Amino acid sequence: MKILVPLKQVPDPAAPLRIQGDGLGIDLQGVGTLLNPFDAIALEAAVRLREAGISTEVVVVSVGPESWLDTLRTALALGADRALLVETNAPLLEPLPIANCLKKICTLEQPRLVLAGRQSIDSDHIQTGPMLAALLGWGQATFANHIELSSSALEIIVTRDIEEGWERVALRLPAVITVDLRLNEPRYASLPNILQARKKPLQRLLAADLGVDLTPRWEMINITAPPCRPPGLRVKNGQELAQRLAEKLAAI
Amino acid sequence: MNILLLAEHRQNRLAAHFPRLLTAARQIGGPITVLVAGEACLEVAYAAAQFSGVTELLLAEHASQKEGVAENLCALLLRLAPEFTHFIAPATPFGRHILPRLAASLQATTLTEIIGVIDATTFIRPIHAGNAHCTLRLRPAFTAHPLCLTVRPTSFAPTPTQTQPAPIQKIDGKAESDLSRWIDQAPRQEERPHLNSAQVVIAGGGGMEKAGNFDLITEAAHRLGAAVGATRTAVDAGLAASTQQIGQTGQIIAPKIYIAAGISGAIQHLAGIKDAKTIFAINNDPHAPIHTIADFSLTADLFTALPEILQELDRLQKE
């Protein structure tokens with residue numbers, strides 16, 4: 001069973017966010033990058049399925065600029081068998097064009113399962129996974145925290161987080177699953193694996209060749225810092241805090 | 001302009017955020033049709049029809065809609081799609097599951113997690129976990145496409161009720177798909193209010209790792225009638241469920257009172273609590289960033305301070 005894992009490179013969230021002087025973008029100069037944490041969880045799930053003999057191949061794919069090759073190499077070091085970069089320098093790439101590109105890749109690669117992160121931690125759209133499922137006409141499960149799959153299975157059983165607890169759904173394969181934090185804890189890449197990853201196939205193709213319209217439909221008007229909260233008060237002891245808390249509770 | 005608003009409900013009750021979601025729809029303008037899809041959910045339809053600005057209510061009852069299965073609900077929405085220009089759902093696990101599927105099926109223009117409506121085609125949404133807000137305007141070339149939007153209800157004030165409820169029209173809800181099959185569900189074992197509708201929220205962080213459990217927080221929540229939240233650190237440590245996580249990768253909350261217990265205040269957590277009205281913090285590290293964002297903060301060991309605070313609160317409230 002082939003599993004496809006779409007990946008995104010994101011700026012290090014531990015770095016303070018700087019808005020560009022023109023207010024139209026985020027200044028990423030000198031900011032480190034990493035594999036989007038949710039995508040790392042999706043990749044880990046796929047690699048574990050291959051290690052368990054359920055999957056035969058894990059293919060990772062990114063739709064982004066050349067600089068994302070680093071992140072794809074990281075994914076290879078983390079256990080992916082093969083990587084694809086759908087190269088584009090298009091600014092403000094929106095989730096629908098990305099999902100349209102991924103659909104084309106699915107048509108070429110014919111995976112039985114797509115495992116994706118629930119969202120990227122920079123643009124926070126939370127759209128691409130279910131969009132891809134719709135475009136392929138496949139079933140979907142978002143925010144998965146547990147998956148059950150056997151190699152002969154025609155369906156996959158997914159436990160997903162919902163507002164009131166969890167629910168289980170069975171999806172007919174092929175299907176798209178987006179993963180949540182609790183699914184697993186991703187491994188770190190070992191040095192031998194990093195060296196070995198250099199020998200793994202990494203294919204590049206141009207987004208333009210896929211015939212997908214990448215035009216953004218939204219125009220960025222401005223980016224601003226969120227409004228600041230007024231400075232607070234440091235209380236001396238628990239009694240004072242209790243006093244303030246009692247006042248606020250009484251006001252509800 | 002013709003808006004279809006997707007109403008979320010559970011156990012035959014309209015979600016508490018509905019009047020807030022409606023406010024966002026009203027700011028966009030135009031007639032608002034509300035869709036209530038489910039099985040035997042007439043009471044939900046009655047509840048939603050009471051709110052001001054609802055023009056019409058579509059009630060789609062069928063067993064296939066019972067569990068909010070995306071493939072089924074989306075098939076139903078696609079049947080209704082030609083009549084509408086805007087589709088709006090809440091930015092909750094429910095809306096985030098359904099709306100992108102609908103959007104891609106329609107090749108619609110999509111914008112999610114909206115926190116502000118400037119006009120019918122200009123919106124504000126947070127990026128980088130709310131550490132920046134961006135204003136986006138629909139490009140004129142795409143105004144003919146349908147718009148699919150998810151809205152964070154906590155960013156909007158609730159709409160009041162209207163004297164004359166909107167008419168309810170029953171439609172065929174049947175939309176079955178063999179792509180997915182719902183098996184079962186289980187509620188979290190708790191009697192406390194939900195994170196995103198609670199007036200008071202208390203959350204624990206990495207500081208709770210010392211205790212190895214969340215009991216102290218849970219007890220305090222019980223005493224305060226509060227919902228229990230957690231930081232990513234606490235969730236990663238297995239002390240709390242991921243559904244309890246507040247922040248960039250969890251839930252964005254806006255309670256009246258938020259109490260951060262043993263939480264340092266990582267950027268990604270602060271992003272989830274910025275809309276809280278009053279923030280209280282207890283942390284033994286005087287340099288923890290949470291102290292700079294809190295309205296009232298105490299530098300103290302949580303394990304001695306929190307029981308003391310609750311005791312003092314009992315005394316004060318008896319007076």
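How many bridges join β5(B) to β12(B), and do they run parallel or antiparallel? There are 5 bridges, and the two strands run parallel. Strands here (E, at least two residues), like helices (H or I, at least four), are DSSP runs numbered from the N terminus.

## Model and confidence

This is a predicted model, in which local features need pLDDT of at least 70 and side-chain atom pairs count only at pLDDT 80 or more, while totals for chains, interfaces and linings use all residues. Residues are numbered from 1 along each chain as its sequence is written, and chains are lettered from A and ligands numbered from 1 in the order in which they are written.

The predictor gives the complex an ipTM of 0.93 and a pTM of 0.88. Chain B has a mean pLDDT (the predictor's confidence in each residue, from 0 to 100) of 93, with 98% of its residues at 70 or more.

## The sheet of chain B

β5(B) and β12(B) belong to an open sheet of 7 strands with parallel pairing, in the order β7-β11-β6-β1-β4-β5-β12. Strands pair if DSSP finds at least two bridges between them. The edges are β7 (109-114) and β12 (168-172) of chain B; each has a single partner strand, so one side of each lacks a neighbour in the sheet. In β12(B), B:Gln169 is the bridge partner of B:Leu58.

## Helix α3 of chain B

Helix α3(B), residues 70-80, is largely enclosed by the rest of the structure, because 8 of its 11 residues are buried. A residue is buried if 20 or more other C-beta atoms, placed from the backbone, lie within 10 Å of its own. The buried residues include B:Leu73, B:Cys74 and B:Leu76. Their cover includes α4 and β7 of chain A, along with β4, β5, α4 and β13 of chain B.

## Interface between chains A and B

In total, 67 residues of chain A are in contact with 77 residues of chain B, contact being C-beta atoms, placed from the backbone, within 7 Å. The largest share of the chain A side, 10 residues, comes from α6(A). That side divides into 37 nonpolar, 14 polar and 16 charged residues. Nonpolar covers Ala, Val, Leu, Ile, Met, Phe, Trp, Tyr, Cys and Pro, charged covers Asp, Glu, Lys and Arg, and the others, Gly among them, are polar.

Strand pairing also crosses between the chains: β12(A) and β10(B), residues 132-138, pair in the antiparallel sense over 6 bridges. A:Asn222 has B:Thr135 of β10(B) as its bridge partner.

Key: Contact = placed C-beta atoms within 7 Å. Buried ≥ 20, exposed ≤ 12 C-beta atoms within 10 Å, placed from the backbone.
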